[in-house]
Amino acid sequence: MNILTIRNLNKRYDNVEALSDFTLDVPEGSILGLLGPNGAGKTTLLRIINGILSKDSGEVRILDEEVNLKAARKIGYMPEERGLYDNMTVANQILFFGQLKGGSPARLREVMREYLNLFNIGDFENRKVKELSKGNQQKVQIIATLVHEPKLLILDEPFSGFDPINGALLQELIDRLHTNGTTVMLSSHNMHAVEEMCDSIALINQGRLLLAGSLGDIKEANKTDEILITTASPIDTEILNNSGLITFITENQGKNARKGYAYKLLKNDGVVNADLISEIAKQADIRHFEEALPSLNDIFINYTSHKQ
């Protein structure tokens with residue numbers, strides 16, 4: 001079942017088309033990476049999903065219910081522009097946001113304390129937000145987003161302002177929430193984090209959906225004929241170049257010297273792996289043979305730069 005269903009969504013600001021016929025399904029229990037360059041339409045999309053912004057046309061449904069105040073309570077949304085009240089205490093801040101989403105005070109306080117301890121700020125309940133470091137304010141913002149235990153968690157650039165230790169802590173938390181059934185929608189320019197955490201992606205540019213689906217399937221669909229190999233002993237690259245099987249080959253011995261001799265090559269069109277393996281094996285034992293998949297960063301640049 002889809003937790004979020006978007007059909008033919010359109011939004012225009014004067015002469016700017018922010019979203020154009022945008023359609024997307026987000027399955028329950030998934031972790032979706034929402035990607036796109038600055039100005040692509042991501043923030044507009046997230047605000048419409050949360051009922052903050054009205055759409056011009058189209059449909060947005062949360063668990064098959066049209067977006068409204070009640071449906072929005074099922075969402076935890078942390079926008080890129082953080083919004084804490086400096087003079088409120090940490091506890092009052094978190095409980096305030098939780099009650100706006102319909103949470104019961106007793107349960108909110110229980111969940112709040114669990115997350116405060118998880119983020120190592122359990123002693124900060126009665127401190128004012130303005131007294132905290134930027135990183136700790138970020139933790140409070142995340143807890144305020146999570147405290148009402150939403151079914152759909154939407155995080156916009158959640159790693160901004162976090163050092164690697166706290167970034168890893170947040171990643172562990174997202175993994176735990178996902179394991180417990182929370183659907184996560186992660187909008188970020190941190191390609192490494194998205195690639196590591198998300199099972200699917202949606203790539204948007206100029207208000208249009210360019211690409212959506214399983215990350216694994218998308219990588220397979222966009223792979224080239226690049227091959228990575230490691231051999232036990234050096235190979236004669238000139239012989240391999242003259243075999244008619246490859247276009248080029250480069251050496252990377254320094255990178256993997258202890259594991260063997262590493263090479264990157266590009267197969268010619270129509271060449272099957274078995275023939276290439278057989279040719280290489282004439283010169284050396286093959287320790288590793290791998291069809292290289294493009295990184296998420298490569299896919300992002302390719303689609304947003306060239307496929308308008």
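**Reading charges and salt bridges**

Modeller: The protein carries 33 positive and 41 negative side chains, and the centres of the two sets lie 7 Å apart. Here Lys and Arg count as positive and Asp and Glu as negative, while His and the chain ends are not counted, and each charge is placed at NZ of Lys, CZ of Arg, CG of Asp or CD of Glu. This is a predicted model, in which local features need pLDDT of at least 70 and side-chain atom pairs count only at pLDDT 80 or more, whereas totals for chains, interfaces and linings use all residues. Residues are numbered from 1 along each chain as its sequence is written, and side-chain values use heavy atoms, with hydrogens and water left out.

Biologist: How many salt bridges does the structure hold?

Modeller: A salt bridge is a side-chain nitrogen of Lys or Arg within 4 Å of a carboxyl oxygen of Asp or Glu, and the structure holds 19 of them. One of these pairs is Glu81 with Arg47, whose closest N and O atoms are 3.7 Å apart. Because Glu81 lies in the loop between strand E6 (75–78) and H3, and Arg47 in helix H1 (residues 42–49), the pair ties together parts that are 34 residues apart in sequence. Helices (H or I, at least four residues) and strands (E, at least two) are DSSP runs, numbered from the N terminus.

Biologist: Which residues are linked with Lys55 in a network of salt bridges?

Modeller: The network joins Lys55 to Glu59, Arg61, Asp64 and Glu66. Within it, Lys55 and Glu66 have their closest N and O atoms 3.3 Å apart. Lys55 lies in the loop between H1 and strand E4 (57–62) and Glu66 in strand E5 (residues 65–66), so this pair ties together parts that are 11 residues apart in sequence.

Biologist: Is Lys55 buried, partly exposed or exposed?

Modeller: Buried means under 20% relative accessible area, exposed over 50%, and partly exposed in between (1.4 Å probe, protein chains only). At 31% relative accessibility Lys55 is partly exposed, and Glu66, with 30%, is partly exposed as well. Across the protein, buried residues make up 46% of the 308 residues.

Biologist: What does the secondary structure of the protein come to?

Modeller: It comes to 11 helices and 14 strands, and the C-alpha trace spans about 70 × 45 × 35 Å along its principal axes. Among contacts (heavy atoms within 4.5 Å) between residues at least 6 apart in sequence, 68% join residues at least 24 apart.
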